[in-house]
Amino acid sequence: MALRGRPRSFDRDLALEKVMEVFWAKGYEGAQLTDLTAAIGVTPPSFYAAFGTKEAAFREAVDLYVATVGSAPMRALEMAGTIRDGVRAMLAGSIDVALSTKPGGCLLILGVVNCLPENLPAREHLSQARRKTVALIAARLERGTREGELPTGTNVAQLAAFYHGVLQAISFQARDGASRAELEALIEPALAVLK
């Protein structure tokens, strides 16, 4: 069946990047349709034709964030030679991401904060993405245990939750206007828990 209407007059991939930036700056609930359409220069019908719903656009934006901007800290964690270097690189990468946009922070952490009942599906999508982050941290910690970098019996789940909490702290503090130096001061204390 042929699609009706005029073809899209914009680059959808570029539009999705701009939609991601709006959600990153304003969160799901703060981003209004007018913000999204203004960012990509289309009318509401064109937005809906391209993305379906605001929630669908948010899900795509979150997935794009995870695959691009948000993947750098996790890649750094995995690629570093030692667990200590990996955690340091992950935290530093998270600081870079948190400070890379105004008002700052991480889309996965700040995307849905208030969560009205009708927005539970968007919140759950973010929760799933955060659980994947915790799983990636835990996998690297488990590898560190197997390779003798961490003591046998290390509570990997607890340590992964701790480091995820540090990532969240970085995001919230960046949103509150913390400087790079203030955020970087969190790294050494976070590394001190590695024995």
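Reader: Why is Thr82 called partly exposed?
Author: In this predicted model, Thr82 has a relative accessibility of 32%. Buried means under 20% relative accessible area, exposed over 50%, and partly exposed in between (1.4 Å probe, protein chains only). The value of 32% therefore makes Thr82 partly exposed.

Reader: Where is the place of Thr82?
Author: Thr82 is in the loop between helix H5 (71-79) and helix H6 (83-99). Helices are DSSP runs (H or I, at least four residues), numbered from the N terminus.

Reader: Which residues is Thr82 in contact with, leaving aside its neighbours within four places in sequence?
Author: They are Arg140 and Glu149. Contact means heavy atoms within 4.5 Å.

Reader: What does the side chain of Thr82 reach at 3.0 Å?
Author: The side chain of Thr82 reaches the backbone nitrogen of Asp85.

Reader: What makes a set of residues a nonpolar core?
Author: The members are buried Ala, Val, Leu, Ile, Met, Phe, Trp, Tyr and Cys residues joined through side-chain atoms within 4.5 Å. The largest such core has 31 residues, and Phe23 and Phe58 are among those with the most contacts inside it. Helix H1 (12-30) is one of the elements that give two or more residues to this core. H1 gives the most, with eight residues.

Reader: Which residues does the second, separate core include?
Author: That core has 26 residues, including Met74, Leu77, Ile137 and Leu167.

Reader: How are residues numbered, and which of them count?
Author: Residues are numbered from 1 along each chain as its sequence is written, and side-chain values use heavy atoms, with hydrogens and water left out. Local features need pLDDT of at least 70 and side-chain atom pairs count only at pLDDT 80 or more, while totals for chains, interfaces and linings use all residues.

Technical notes:
Polar contact = N/O pair within 3.5 Å; in protein donor to acceptor, adjacent residues only side chain to side chain.
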